[in-house]
Amino acid sequence: MTQPLVIAHRGASGYLPEHTLAAKTLAFEMGADFLEQDIVASRDDELIVLHDVLLDRVSDVALKFPGRHRNDGRYYVRDFDLDEIRSLNAWERMRADGTAVYPGRYPAQSGDFGINTLAEELALVQRLNAEHDRSVGVYPEVKRPAWHMEEGIDIAPPLLRTLAEFGYEDHPDQVYVQCFDDAEIRRLRNDLSCPYKLVQLIGENAWLEAATDYDAMRTEAGLREIADSADAIGPHIGHILEPGADSVPVSTGLVAMAHEAGLAVHPYTFRVDELPAGFMSFDDLVSFCVSELGIDGLFTDFPDRVVELRFP
Ligand code: CA
């Protein structure tokens, strides 16, 4: 049994507001193997690190730019220039009423953090690696590519360009590129000559994240098709385990099926404050997924808690 790859989900987001450089620095210091970036585009076509295309649940945008929302009342990153985005305070993720999504985490609507570009984050990672003589990798997600196309920007080519500018083409093992959209994964591999490992994220069709049939993916045939383009899958925890008799969690068989197809498995998201039914502790959850199911890596908001575990 080897240690699973520890992917810091939006940084050490269990402790500091997600995707801030502070959260990434903390994850680095905690010993994460990879730091995750979600990639979206600003109005002036800069690549920004932000979990989704909306600013209002993770910043003070509604206070600083009242009225700049769309008809649905939401504030879209695509409607703001980088200079405006830089003026925002990044906050712990909130619900629509302003209360924290995870109440035990960083206090809501407070702190002195900003939103950063992909280039700024890559510069930070490389500086930390140089200072500590480590090779912590990056794990960018091409966020909603079809939506970005409708908004007039194709974000995958500038993402690959930026990674190349930072020299990652010479260190392709330090990069995984992930996406929920299967057409985009195929395009990255076949048309854009992506030199990095590719991860097909698997969601639920009900999320409307992409025009992708996630139910069909979780079959032998579906996994074989994914393996034509991708190196790994990123399923939800609920796709790899389910409640069995007496609510004791059991395998769904997906991890073994993916391995059979030649795919590594990096499920999301392991949270101390959001355990799946049937687990009494975070350590039990991680141990079950690593030792019983055989996952190869995992996305976690609490990288320190996984790094400190040792698997026989
Ligand atoms: Ca992500």
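These legends describe close-up views of one predicted model.

The model is predicted: local features need pLDDT of at least 70, side-chain atom pairs count only at pLDDT 80 or more, and totals for chains, interfaces and linings use all residues. Residues are numbered from 1 along each chain as its sequence is written, and side-chain values use heavy atoms, with hydrogens and water left out.

View 1. Strand β6 covers residues 197-201. Helices (H or I, at least four residues) and strands (E, at least two) are DSSP runs, numbered from the N terminus. Four of the five residues of β6 are buried, so the strand is largely enclosed by the rest of the structure. Buried means under 20% relative accessible area, exposed over 50%, and partly exposed in between (1.4 Å probe, protein chains only).

**View 2. The strands that pair with β6.** Two strands pair if DSSP finds at least two bridges between them. Strand β5 (residues 176-179) pairs with β6 in the parallel sense, over four bridges. Here glutamine 178 has valine 199 of β6 as its bridge partner. Strand β7 (residues 232-234) also pairs with β6 in the parallel sense, over three bridges. In this pairing, isoleucine 233 of β7 stands opposite glutamine 200.

**View 3. A β-α-β unit.** Follow β5, then helix α7 (residues 182-190), then β6: together they make a right-handed β-α-β unit. A crossover is right-handed if, with the strands pointing away from the viewer, the path from the first strand over the helix to the second runs clockwise.

**View 4. The calcium site.** Glu36 (OE), Asp38 (OD) and Glu141 (OE) coordinate the calcium ion at 2.2 to 2.3 Å. Glutamate 36 in strand β2 (residues 34-41) and glutamate 141 in strand β4 (residues 137-142) are 105 residues apart, so this pair links distant parts of the chain. Both glutamate 36 and glutamate 141 are buried. Donors are N, O and S atoms within 2.8 Å of the metal (3.2 Å for Na, K and Ca); water is not among the atoms, so sites may look incomplete.

**View 5. The largest pocket.** About 1,000 Å³ of space lies in the largest pocket. Of its 39 lining residues, Arg10, His51, Asp52, Arg93 and Arg271 are the closest to its centre. β2 and α10 (237-240) are the elements that give two or more residues to the lining. The lining divides into 15 nonpolar, seven polar and 17 charged residues. Ala, Val, Leu, Ile, Met, Phe, Trp, Tyr, Cys and Pro count as nonpolar, Asp, Glu, Lys and Arg as charged, and the others, Gly among them, as polar. On a 1 Å grid over the protein atoms alone, a cavity is a set of points where a 1.4 Å probe fits but cannot get out; a pocket is an open set with protein on both sides within 12 Å along at least five of seven lines; lining residues have an atom within 4 Å of a point.

**View 6. The cavities.** The whole structure holds two cavities of 30 Å³ or more. The largest cavity has a volume of about 70 Å³. Its lining residues include Glu18, His19 and Thr20. The second largest cavity holds about 30 Å³ of space. Glu141 is one of the residues that line this second cavity. Grid points are joined across faces, edges and corners, and a volume is the space filled by probe spheres set on the points.
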